Amino acid sequence: MLLPIVAGVATALLADGVSSKIIPQRRHIATDVCKAHLAIDDFASWSKGKNLLNGAAGGKTYGATLDLTSTGDDKLTFVPTHKDVSYVHEQFECMDAVALGYDGISFTIKGPEAASVSLELQTKADCSATEYQSHYYTINGLSGALQTINVPLSSWPGANFNGVVGLVWFAFSAGTAETDNKWQLDNVQLLCNGVTPPSVSPSPVELKKRGEAQAQELALRAAAANAESGSKVSRAAAAACEIALIDDWASQSRLTFLYYNAMLKPTSDDGTMKSVVVANNKVTLTPLDSDSYFYSQFGCFDARAYGGLSLRITAPAGTKFDVQLSSSKDSVCSGDSTKDVVVSTSSLGWTFNGKEKLYSIPFSKFPGLDLSKFTMFIFSGINKAVTLGPVAIYCGTTVAEYVAPPVTEPAEPTSTVPAPTSTATTLVIDTFANDETNALDQWHGTDDEGFQITYRRNTMTLSTADADLTWQTQISETCRDLRAFDGAYLHIAYTGSNKFTVALQQHNDACDNDAMPYPATWDSVEAARYATATDIYIPLNHFNVDRSKVIGVAFKGFYSTTATVFSRVEIVGRVPAGFKVPVKLPSGTFVFACKRPNSFAFAIDDGDPAFAQQVMRVIDDAGFKATFFTVGAPLLDPSTNLSNVYREMAARGHQIALHSYTHPALEALADEAAIDWEYTNDLKAVAQVFGAGQNARYFRPPFGTEGARMRQRYAALVPDPYIVQWSVDIEDWLWAETDTPEKQIDAFRRDVAAGGSITVLHYLYNSTVSYLPQLIQIAKATGKQLMRVDQCMMDPNAPPL
């Protein structure tokens, strides 16, 4: 039976006029191995809402039908009324394309010249499943005329071709003219392996390549007849070429968390290296054994005007490895068929002596490559640790290198003000006399593993390599009113590193340790800004919290592994003569819970695009809007389709918020320039996808790692931001892929019962997404109204409820 599933870009197919009466009348799909291509739709029955397989067929814009839809000449002709949410869909009975011998999708299409369109392939884990997953592919550079497109099934990595159930065309872009947006679609079919596929029409890009190839051939002939004329052609070609950066090693997390190079193409060691460490625009690869390798892909790069790759390498004497360059043998650079040429560093004439040197990988040493479809390099068999500088593709025959721009630390206010004197008496908080309690007989310590802590002679020596860890000394078991100390200073006596954050923690309104959130919030300042070599003095009024409900002081956000030795924490009325107080830097509003009474916000982080439609459908069915936090780099990667996913979320009324560019622990980054690199690239990515007017005030730190520097730098770039944490953790990261995924529901229920009102979850896992309806019901059972984060914070710029 054909299941009433939802098309990937549609709200619901049944709402599109698909009648259940036509479902039993479907054409039976043969179970024998194919001998011909399988026609899916010639659009002769478009008006009846079905295709040649008697499956559902139709098209829609979210909230409005496609404009000018017709089937004249048995071609579907239409104008998408909204690029982001218009679509055409085809459904059919679940089929095992592998067993039946089908290996591709073919269709005839006409769109504006140079336009693009995305194609979603819907597959199930098996044909008995009730849900499907979505996989995406984008066709770029349409000709402007009717053309045939053949897409191998391998273009949808991760899809299960044993359970194919549907297709969706969407994201119809405008062409170069940006005026004519008329489209035609025809002859949709599954391609039978071994049967000659339909003839493919060349795109403008391909025609341009052919023209360039013909011009190159003529130029070579001319060069043979006239060397001087040939050299002029060569110089002209080189002049038109620009060095192409592959990777500048700007970010550890871009490389080893997202597995992107600077082109936002796949790069990785696949876990074969002992370590891969990025620092100062260099990467150090330390091999685990002789099977260690590292690769970087370029998509389908036309390198015919280029001469080779260049990079600086530092390696000890005796270092050897192999260099592989690859080009595609097929027309779509699918990666299934490649020409691979391997040359050793010895054959390249490379030697190493422990000093940095510029090396080149000339294409002339790699015969047989199709440089019009250059796809990848691989370094393999590395026998010793090597440090690589930026890798680039240089023009012509003259070796040139990419030089990373110098790192400039952002300018911050350096002004100071005289330190006024307070009449408050001294309150000694901690003298580190023992490892259990402080001078107020309150608890001090940490629940976090990863600290190295030593108590000795009224000192505590503390060090860690993890910026996410926190050490606390409590002032009260519940709430303590410190308003009598307004005008006074938090004094911390120390030696060693001051590269950490000092936070003053505020309790929740009920001063209830069992209620969420606990703590309710805190404000953070950078210790180094307030420090001499031995003392830190911070005005209490630099902590923007309710000082009538203080819990304690926290040391956190350590961004150096150098130890700090603490000997005293206290509140004092005055500072030493000559001490200047730095100006307070804005640090945004730090929130764990909703401000609006009886409100609850589903705040959802990035996930798997295959689950996006299911998540949106569940939320739409529940009748509320959510907040989605997106990471910038994958947003710009066309292969993820996340830009279309998030545009559709925005079109449906959901809030789009920021979650960094490459998802690092921001406070752990070495300097503020690295933090700013994340923010500025993220802001550019969001502006590119959503427009310059996109609200960027809501930001969630990756991993929840918070500290003064990451807050201050975001507030410097985006005025008055909200730094959004959570008070309801589904713990999908802990339970989703275990034998007890239902513990996600237990964790959610626990935090909701304690009063939590802002969630963290990811649509990464099937179990998490399948539990979403149940989670929504648990939240609704509290009587709270579900809404976006900006609405629950009573932001006057948020849309009305």
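Reply: Contact here means heavy atoms within 4.5 Å. Helices (H or I, at least four residues) and strands (E, at least two) are DSSP runs numbered from the N terminus. This is a predicted model, where local features need pLDDT of at least 70, side-chain atom pairs count only at pLDDT 80 or more, and totals for chains, interfaces and linings use all residues. Residues are numbered from 1 along each chain as its sequence is written, and side-chain values use heavy atoms, with hydrogens and water left out.

Me: Which residues of α8 meet α9?

Reply: On α8, Glu672, Ile675, Asp676, Tyr679, Thr680 and Leu683; they meet Arg709, Met710, Arg713, Tyr714 and Leu717 in α9.

Me: And at what angle do α8 and α9 pack?

Reply: About 45°, with the axes 10 Å apart, for α8 (residues 672-690) and α9 (residues 708-717). Axes are lines fitted to C-alpha atoms, for helices over the stretch in contact, and angles run from 0 to 180 degrees between N-to-C directions. That makes α8 oblique to α9; under 35 degrees counts as roughly parallel, over 145 as roughly antiparallel, 65 to 115 as roughly perpendicular and the rest as oblique.

Me: How about α5 and α7, what angle there?

Reply: About 10°, axes 10 Å apart, so α5 and α7 are roughly parallel to each other.

Me: New topic: is threonine 345 buried or exposed?

Reply: Threonine 345 counts as buried, at 1% relative accessibility. Buried means under 20% relative accessible area, exposed over 50%, partly exposed in between (1.4 Å probe, protein chains only).

Me: Where is threonine 345?

Reply: In the loop between β19 (338-344) and β20 (357-362).
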